[in-house]
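Please keep the model in view while reading.

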Amino acid sequence: MSRSLAITIYSATAIFFALFFVYPIWHTVKEAFLTPSGTITFEYIGEIFLNPIYVEGLINSFYMGLFTTIGCILIALPLALLSNQWEFKGKQILNSLILIPLILPPFVGALGIRQILGQSGVFNALLTQVGLMDPGAPFDWLGEGRLFGVVLMNALHLYPIAYLNISAALANVDPAMEEAAENLGCHGFRRLFRITLPMIMPGLFAGATIIFIWSFTELGVPLVFDFTRVTSVQIFDGIKDLSGNPFPYALVVVMLVATLFFYLTGKWLFGRDLSASTGRAATGRSLKQATPWANALCVGSFVGVTAIAILPHLGVILLSVSERWYGTILPTEWTGQHFIDALGHPLTLNSIGNSLKYASIATGVNVILGIAIAYVVVRTKLPGRQFLDAIAMLPLAVPGLVLAFGYLAMTREGQPFDFLILGENPILILVIAYAVRRLPYVVRSAAAGFQQTSVTLEEAAQNLGCRPLRSLMKITLPLIAANLIAGGLLAFSFAMLEVSDSLILAEQQAHFPITKAIYALVSSLGNGPHLASALGVWAMVFLAVTITGAGLILGKKLGALFRV
Amino acid sequence: MLLRISIVLALLAIVLIAPFAMRPDTASDSRQSDAERLVIITPHNESIQSEFARAFTRHMKQKHARNVFVDWRQPGGTSEIARFLRSEFSTRVETLWEEKTKLPFRQSTRDDFSNGKLDEQVKAATQQGLLNDLTLLDRNDPEQLALAARALYLHSDIGVGIDLFFGGGAYDFSKQASAGNLVPVDASGKYGPSALAKAHPEWFSDAIMPEEVSGEPFRDSQFRWLGTVLSSFGICYNSDSLARLGFESGLSRWDDLADPRLVGQVALADPTKSGSTTKAFEMLIQERIQRLQQENGLTEADAVRQGWDESMRLILKISANSRYFTDSAAKVPRDVALGDAAAGMCIDFYGRTFNELYRDENDESHVSFVMPRAGTSIGADPIGMLRGATSPELAHRFIEFVLSRAGQKIWNFRPGSPGGPKRFALRRPPIRKDFYTPENQAHMTDPDVNPYEIAEGFTYHPDWTGSQFAALRFVIRCACIEPHEEQRAAWKALIDAGMPAEGLAEFEDVSSISYDVVVSEIDAVMRSKDKVAEIQLARKLASQFRDHYHHITNTH
């Protein structure tokens, strides 16, 4: 790529970030850094490190991030390797089912978990029924779960991110390398650790960093377990505190800086030699037909992981069809009325259309921006590109409310970005908000793809007279399609399920996305949770059809990803 | 390929067709293009929104032959609404300030324009003509700038595109009123709560809507907000869980929540995030003071001092029993109903709704709701008109409707009863005293509840603890919420050790948050507006309690 084009892309992405990420955050957090008379202060920052409760919060958050990441890799890596090696029964469907945690809708997901793991929940009812638990002394899984429970629940929610990224990386590995190792007497685990893992490191790193940052700053799961001593919950509590003290904003900044630090450290430790040394797979991999034992192992692992990961979804599904469900394994009274009420609700139809609109445009923006940023970071030597790379990860770490209030303030009348509200329609700012927050998925996937694809292919094309931009479009992008699809799928699913920006920025009912409709339904008196669950189930089915549909239509390309 | 695409499209069509097929017929006509729009920001739940929107549009059509559409705005609960309004008004004032004064809009300007305490000075300065020309302000005179910012705001008709603020607690509304965001009348002087009071003076008599009941304000003295419905905190409990934990009967007073058998089983609302929850904790203190005065014959001053300290001990124990402090009003009764907590603090209509929801064929429910004996006061849930409302006349009509006899029926009539709500029983006690007639009771979901009778059993004394309202939240945060982990561990250690007296005494040591300390030291910091000092004090207090709890855990 010509240097001038690289610089243009670089500046464009940098300006986008400055305007729609740094500026809105600063707009919100500046209170903690300015005295009433307008001078700079760091007293609030100092207070964080003097207070053992906040220091402990940061340490717990770090553990939450670290152990969740390890947990996700332990779940996802074996599954991806199995799927990469063997042809087994029901592979296509199992490969889709394994992604199920991606589609858990917000608000009702927590209700589903409580229904399963509560003291009078399904799990305890089951244990009591089989005689393993005294009904007079049920175990309090959520209350006693603490950090371990949070990490386990996080890992079971986030492993698909690792799975998608590792699978995409495996799809890019040239089987000839592994065969060569095999021929030279390097088998089994030795080959895994010396050949395969180093070659898929870009994908592994991409998945692991997203999971780390996500879980380091995760809010919902610790709240379900009432585990309050983590930074994310402390920020949430502080922001909602009536006293209006700017202190939580200082905490936000510390969390962002910590995220940057951990990301750069991780990159320094694990990500130094990520660039591709050789060409890509020239030949397709031939999958081994699974022996009966291998078949049992593959099917067993996939079914096992899916069965546990699907529990919150089951909770939501059963809630949506239950009339009465208390202290028993299954509901005692069933009904379909909640679906009729929820889908027939005046908010529903509009919100579905809105969500589709917002999420798909945002995903489009993400793919373009993601390719641009990843290209600058991986393919150019421009100064400061590593910083751009790290900044692109930060949207994962910003508390939703902080960014949302920043966007709100900057788009009001008389403010510099008021043109982003069309009449009263917030679609532009919502799309930007969604895109900024989902950008890391696409940037990481695209960067992993670029790293695994040797630049020599593009150079060869350019030598033959192909212009730089055209060589990117014609040569590299098709080669990294699997990565882009993986990132795009993540971005789309999570955009459909976005919460904070939607709650604050979609003010009028006509502009509600589906998550805000779920939020509104949850609050209905009495059967609200059931109605919200019904709409949540609809959203899950829709996302499931979209994701598997994408798999079916994209066929070969996604096949490369899933080895189907 | 074509086959695959058609399979996927067919599947998508099936999924998408369901909401289309079930969409309500009425969805389109409520939003006719010629309909006038009323914008209301509210923390009220969806059931209340839909019932009032339906009733009000019907009322406007029948009585005034007008098409009206209610545009509800709900950025979250009361805490998000407060933040939302602050952000919205301050960006507007910022633009106006920079335009009129050509001066930068500082952090201090932002605090000043919404500072109700400046109002007297602003009045005086305006009368003396000191603020006539805003371009002549002295940028080095912070006092003058503050008054100018406040005056500019108070004399403006800046709006944020929202007409009404509906629902929350009297505390939230008085905050908004003193900030200047709520107004008694619009710019024309014809519409608004105060104009309504002129149109219906009889409504605001003691016989129908008294200004205050048992010490609680039911409306603003300047008519910037009016109560529309009543609410109170009580205790909800799960009788299955209580039986399992060895309780022979239900709970009836706040003290019961401190029973060590309830360790890890109490669900609490968070006083730092909601004014009405702080109020509930304040009630607990006031009940204690009253009891000390009546039963032990203490003087008022002694009763207040001792009552505060005893209540702090009680709150420490209740908190040690608790699983969490939540800001979601619906979470507590839901967790109690599901048996995930045995008991909790909960708002009356949620408690009653969940009691009803879990009624079995024998008409018995495992969820009960009680109002603690002599420990609860009734608060008003208000409505107010926002500054710069775009449809003040419609806003006026809406308030009028909510307070009218017809509007009040929506709050407590059974669904489908004449004049009642259509689909949802809202189960809330209306504010109008003349509503509680035998004739109406026949249609009410809660005919036995007369909040005015309940209120008689208890009088709120603002002079006892009212001025420590912010400090109360603060001490609960420092002593209970921040060191909650250590507090629970210490409490469990004490329970396991058989509640040794000296350990309990150490646990109950409230000397650093006693009444005297709160009045002399803590309250001063809260009022100083020095946010850094507040954080430092919080750190000091929380560390003290944390060390206490650590020590107990390690020695028992």
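A residue is termed buried if 20 or more other C-beta atoms lie within 10 Å of its own, exposed if 12 or fewer do, and partly exposed in between, with C-beta atoms placed from the backbone. The model is predicted: local features need pLDDT of at least 70, side-chain atom pairs count only at pLDDT 80 or more, and totals for chains, interfaces and linings use all residues. Residues are numbered from 1 along each chain as its sequence is written, while chains are lettered from A and ligands numbered from 1 in the order in which they are written.

Helices (H or I, at least four residues) and strands (E, at least two) are DSSP runs numbered from the N terminus. In helix 13 of chain A, the buried residues are Cys298(A), Phe302(A), Val305(A) and Ala309(A). They lie on the same side of helix 13 of chain A because they cover an arc of only 70° around the axis, the arc being that of the directions from the helix axis to the C-beta atoms. On the other side of helix 13 of chain A, Pro292(A), Trp293(A), Gly300(A), Gly304(A), Ala307(A) and Ile308(A) are exposed. The buried residues of helix 13 pack against helix 3 (52–85), strand 1 (86–87), helix 4 (91–97) and helix 7 (141–172) of chain A; contact requires C-beta atoms, placed from the backbone, within 7 Å.

Chain A as a whole contains 26 helices and 4 strands. Its C-alpha trace spans about 70 × 70 × 50 Å along the principal axes. Of the 564 residues of chain A, 53% count as buried.

Note on methods:
Contact = placed C-beta atoms within 7 Å.
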